[in-house]
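The sequence and structure come before the details.

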Amino acid sequence: MSDAQPAPCRRLTLPAPAKLNRMLHITGRRADGYHELQTLFQFLDHGDTLHLTRREDGEIRLTPEVPGVPHDQNLIVRAARRLQAESGCRVGADIRLEKRLPMGGGLGGGSSDAATVLLGLDALWGLGLSLDRLAELGLALGADVPVFVRGHAAWAEGIGERLTPVDLDTPWFVVVHPGIEVATPAVFRAPELTRHTPPITMARALQGGASSWRNDCEATVRSLYPPVAAALDWLARRAPTMLTGTGACIFASVADEKQADRLLAEIDGRWQAFKAHGLNRSPLHDALDR
Ligand SMILES: C[C@](O)(CO)[C@H](O)COP(=O)(O)OP(=O)(O)OC[C@H]1O[C@@H](n2ccc(N)nc2=O)[C@H](O)[C@@H]1O
Ligand SMILES: Nc1ncnc2c1ncn2[C@@H]1O[C@H](COP(=O)(O)OP(=O)(O)OP(=O)(O)O)[C@@H](O)[C@H]1O
């Protein structure tokens, strides 16, 4: 540890923000079946919260359990154990999760939780690993983890791991959950999925701006999941609307917070929905001053 390293602390409460895919193109398929993407990631000021407390006995304990995800398979526990293995650290942690993000929602909840654990435990255990090293560890847990580790809105290529930081417009959004869980593998398996959009440059994607952005998964998700199609149609009549990731969540960009409130009032419980502000810097990095 260098002299500049802050003293390890005992307890940390940290955000795990959601992400949106402001656009998403599928440009090919690798030999291992994974799809090559071009996407713009941006964070939201809405997400899960993690409470981390040091344990001197080396155990990793997550509460409460996430329904349908066995304790040891949770990305939170896997991230913590990977960090222990990588650093040789013998300290453990109690991790309490306040889950707000829907699972299978396209908001990257599990990936963001994992990134918060990597950065949070690095601080709690006083390890001082670089963001490069933590992003590399994160990539082994999921393709969306590195952008949450790096903490800046980004143009992403490959399966989402080749990242270039960008500053995007930061509107208010209304995010709607159409009430069903989308299985990401089912979307990527669909024969009719658009898989060969010609690659574009980052400069061209940014020049085109939000009005030119689309998500190549949308047509397939619409046909496999009619409730998503219904929510997209309803919301698009009121504001420019897109799918994030492979769904199920969709998001409308609105002019300001007042318009977000008006739209939420109109949704009036028809679906679960929330308003959030787009962020180019992750609130996790603000909290940790990284
Ligand atoms: C589409 C995005 O939401 C964009 O941000 C993410 O890349 C999806 O990431 P994710 O939900 O973490 O998905 P993973 O759990 O990594 O992948 C689930 C499955 O989807 C397929 N998959 C996923 C990502 C990708 N680039 N190509 C794929 O073909 C693979 O069959 C994989 O087994
Ligand atoms: N801490 C976690 N929170 C949520 N899901 C988790 C977690 N750990 C493991 N998982 C598993 O990961 C799957 C995907 O969850 P996640 O919330 O990241 O989906 P998503 O929002 O669709 O992500 P993406 O945008 O990356 O597709 C879940 O269905 C669950 O089985």
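## Ligand shell

In this predicted model, the shell around ligand 1 is made up of six nonpolar, eleven polar and one charged residues. The residues surrounding ligand 1 number 18, and the closest are Tyr-34, His-35, Ile-159, Phe-188 and Gly-245.

Strand 2 (35–55) supplies at least two residues of this shell, as does helix 5 (184–189). Ligand 1 lies between domain 1 (11–166) and domain 2 (172–279), because both domains give residues to the shell.

## Annotated binding site

An unreviewed UniProt entry carries the annotation "binding site" for a set of residues that includes Pro-102, Met-103, Gly-110, Ser-111 and Ser-112. Of these, Gly-110 is found in helix 2 (residues 109–124), and Ser-111 is also placed in helix 2.

Gly-110 counts as buried because it has 24 C-beta neighbours inside 10 Å, where 20 or more are required. Ser-111 is buried as well, with 24 other C-beta atoms within 10 Å. Leaving aside residues up to four places away in sequence, Ser-111 touches Leu-75, Gly-142, Asp-144, Val-145 and Phe-148.

## Ala-252 in strand 9

Ala-252 belongs to strand 9 (residues 250–254). Its 24 C-beta neighbours inside 10 Å make Ala-252 buried.

Residues up to four places away in sequence aside, the contacts of Ala-252 are Phe-173, Val-174, Leu-235, Arg-238, Ala-239, Pro-240, Thr-241 and Leu-263. For one of these contacts, Ala-239, the C-alpha to C-alpha separation from Ala-252 is 5.7 Å, with the two residues 13 residues apart in sequence.

Key:
Residues are numbered from 1 along each chain as its sequence is written. Chains are lettered from A and ligands numbered from 1 in the order in which they are written. This is a predicted model: local features need pLDDT of at least 70, side-chain atom pairs count only at pLDDT 80 or more; totals for chains, interfaces and linings use all residues. A residue is near a molecule or strand if its C-beta atom, placed from the backbone, lies within 6 Å of it. Helices (H or I, at least four residues) and strands (E, at least two) are DSSP runs, numbered from the N terminus. Ala, Val, Leu, Ile, Met, Phe, Trp, Tyr, Cys and Pro count as nonpolar, Asp, Glu, Lys and Arg as charged, and the others, Gly among them, as polar. Domain bounds come from an automatic or database domain assignment. A residue is buried if 20 or more other C-beta atoms lie within 10 Å of its own, exposed if 12 or fewer, and partly exposed in between; C-beta atoms are placed from the backbone. Two residues are in contact if their C-beta atoms, placed from the backbone, lie within 7 Å. UniProt positions are given in the numbering used here, feature names are shortened, and annotations may be inferred rather than shown by experiment.
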